[in-house]
Every structure is written in structure tokens, then in C-alpha cells.
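Keep the viewer open as you read.

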Amino acid sequence: MIDGEDPAEETTSTGDQDVAVPEVPALAASLFGPAVDQVGRYVAMLAGDGVVRGLIGPREVPRLWDRHVLNSAALAEVVPQGSRVVDVGSGAGLPGVPLALARPDLTLTLVEPMARRVEFLQDVVTELGAPWRVIRGRAEERSVVRAVGSVDVVTARAVAPLPRLVGWCRGLLAPGAQLIALVGARAAAEVPGLVPELEAAGMRDVHTRAVGVELGAAATTVVLMTRAGTSRSGRSAG
Ligand SMILES: C[S@@+](CC[C@H](N)C(=O)[O-])C[C@H]1O[C@@H](n2cnc3c(N)ncnc32)[C@H](O)[C@@H]1O
């Protein structure tokens, strides 16, 4: 039995039990525009297959929208127009999938090492008819860096502490590229103390920003930083 189940909600079968699919909240229409149906299908997949395959705990189902989907889409306001985005450690597609559905101008690649998560991500891409690439591997692997190619923004949520995350993502972050990590308000408070270490690891302009304030409970905090150095075009990015 799922905590907080609303009898009015639709259900999806997980094989041996029915799981409630949380209703699409009213503000999703303005946030996702024409992609709101796709987001609803994605949430149904998370509540169904995502639970069956162990990617989402059943207790997360009632809070899929606030805690996961809207919380991820809150990133949309800080990603520059037309960016090539790689979502590292995407798991079941968070934050990459909601971000790309809210921002169809972005080019998205999802990177994830675990086979059953990669299978789920490929199913999501197929089900939604989305143009996103899914690459299996760890962010720091050369083969992954080669396969991903040039990126403008690396996103991550709940993947690793920031200094370790920066270390893993170095190969993906060319000078001038941004790392945007969803951390929440509590972890954001620790960021000032990490700045010297992050700068020593080659990052600059490390700062936090509240995002999604109009999303109520889904509002969160991101940490943004830019890879220092000179870009291939010869322009100084640091
Ligand atoms: C706690 S989960 C978070 C998943 C998703 N970002 C979310 O917020 O729901 C961390 C994810 O990072 C992945 N991961 C761990 N080490 C990684 C690495 N070196 N490169 C890329 N992904 C990694 C794990 O397989 C896992 O899916």
C-alpha cells in the first residue's frame, strides 16, 4: 500500500499490485506547455515500471510531482537557451527528463552506469518519442566523454558531494562549460566552505541560487559553477 494514496487517482499496474498515478498538478500546464502530456506519461512510467524495477521507492509515488518532476524542472530557469546538456547520474531520468520536457530548445544526453536504469531511460525515450541520447557508463570514463562530445551544461542531482562530482565531470567540462547541481537549501549552506576546493579543482564563479520559487513545495536551490580556463576558440573563459 502506498502512503498518501488518493482514491480518485488513476492507477497503473505493477504486476502484482495497482499503484496510484498522481494527478497532473495545475501548474504543470504552464511549466511544460505542449509537453504536459509527455510529462504525465513519464510520471506514469515512474509510478509503474519505475517502482517495479526498483528505481523509485513506492513511498515516493505520491510525491513524484513535487519532490522529483517539478523539482527537476525548476532547473529550467538557469540553463542558457539552446544548451547542449548532459545529465550525469540520471537514474530514472532526474533532473534531465523534466528539464528537457520543459525546455525543448535543449539538446539532452543522459549518462548512467547502471544497466537497469539505462534500460528504463531507453524505454522512456522510446515511449515519449524524444530525441535524447542515453549513454551507459560513468561520467569520468574516457569512452563516455568521447561519446558525449561537447557540452555547454552538466546537470546532476544527488550523485555525489560537489568536489567528487567536479572530479568525475572534469572530462565533460570544457573551459566555459557550466556545472549545475540541484542540492536543496540545506546542502547549499555548505557551499561557501567548499569554494576553495572547487576553485582548486578548476572551477570559477561558484554560487548558489534559489529556483522554482513559484513552484511551492518543489522550490529548491542549485549550485552553479563554470570551468575555468581558455576555450578551444582561444577566448579566455577563466
Ligand atoms: C542517488 S542516484 C540519483 C539519481 C537521479 N539523479 C535522481 O536525482 O533521482 C545517483 C545516481 O548516480 C549514478 N552514478 C554513480 N556514480 C556515477 C558516475 N561516476 N558517473 C555517472 N553516474 C554515476 C548512480 O548509478 C545513480 O543512478
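A residue counts as buried if 20 or more other C-beta atoms lie within 10 Å of its own, as exposed if 12 or fewer do, and as partly exposed in between; the C-beta atoms are placed from the backbone. This is a predicted model, in which local features need pLDDT of at least 70, side-chain atom pairs count only at pLDDT 80 or more, and totals for chains, interfaces and linings use all residues. Residues are numbered from 1 along each chain as its sequence is written.

Start with the whole chain. The protein has 238 residues, and 43% of them count as buried. It holds nine helices and nine strands. Both are DSSP runs numbered from the N terminus: helices are H or I with at least four residues, strands are E with at least two. Two residues are in contact if their C-beta atoms, placed from the backbone, lie within 7 Å. Of the contacts with a separation of 6 or more, 63% are between residues 24 or more positions apart.

Now the sheet. Seven strands form an open sheet in the order E5-E4-E3-E6-E7-E9-E8, with mixed pairing. At the edges are strand E5 (133-136) and strand E8 (203-211), each of which pairs on one side only. From one strand to the next, the twist averages 20°. Two strands pair here if DSSP finds at least two bridges between them. Strands of a sheet pair through backbone hydrogen bonds, either parallel or antiparallel.

E8 pairs with strand E9 (residues 220-227) in the antiparallel sense, over seven bridges. Here Met 203 stands opposite Arg 227 in E9. Helix H7 (residues 162-169) packs on the sheet and touches strand E3 (84-88), strand E6 (153-157), strand E7 (178-182), E8 and E9. The direction of H7 makes about 140° with that of E7. Another helix, H5 (residues 115-128), lies across strand E4 (107-112) and E5, and runs at about 170° to E5. For these angles, axes are lines fitted to C-alpha atoms, for helices over the stretch in contact, and values run from 0 to 180 degrees between N-to-C directions.

Which strand is largely enclosed by the rest of the structure? It is E7, because five of its five residues are buried. In a regular strand the side chains alternate between the two faces of the sheet. In E7, Gln 178, Ile 180 and Leu 182 point one way, while Leu 179 and Ala 181 point the other way. On one side, E7 runs parallel to E6, joined by five bridges. Val 153 stands opposite Gln 178 there. The chain crosses from E6 through H7 to E7, a right-handed β-α-β crossover. Right-handed means that, with the strands pointing away from the viewer, the path from the first strand over the helix to the second runs clockwise. E7 also pairs with E9, in the antiparallel sense, over five bridges. There, Ile 180 has Leu 224 as its bridge partner.

Turn to helix H3 (residues 64-73). It is mostly covered, with eight of its 10 residues buried. Among them are Trp 65, His 68 and Asn 71. The cover includes helix H1 (28-32), helix H2 (36-52), helix H4 (96-102), E6 and E9.

Ser 72 sits in H3. It is buried, because 26 other C-beta atoms lie within 10 Å. Leaving out residues up to four places away in sequence, Ser 72 touches Leu 94, Pro 95, Pro 98, Leu 99 and Arg 157. Ser 72 and Arg 157 are 85 residues apart in sequence, yet 8.4 Å apart in space, C-alpha to C-alpha.

Pro 98 belongs to helix H4. With 27 other C-beta atoms within 10 Å, Pro 98 is buried. Beyond four places in sequence, Pro 98 touches Val 39, Val 69, Ser 72 and Ala 73. Pro 95 lies in the loop between E3 and H4. A cis peptide bond joins Leu 94 and Pro 95, with omega about 10°.

Ala 158 has a positive phi of about 55° although it is not a glycine. It lies in the loop between E6 and H7. Ala 158 is partly exposed, with 13 other C-beta atoms within 10 Å. Asp 205, in strand E8, is not a glycine either, and its phi is positive, about 50°. Asp 205 counts as exposed because it has 12 other C-beta atoms within 10 Å.
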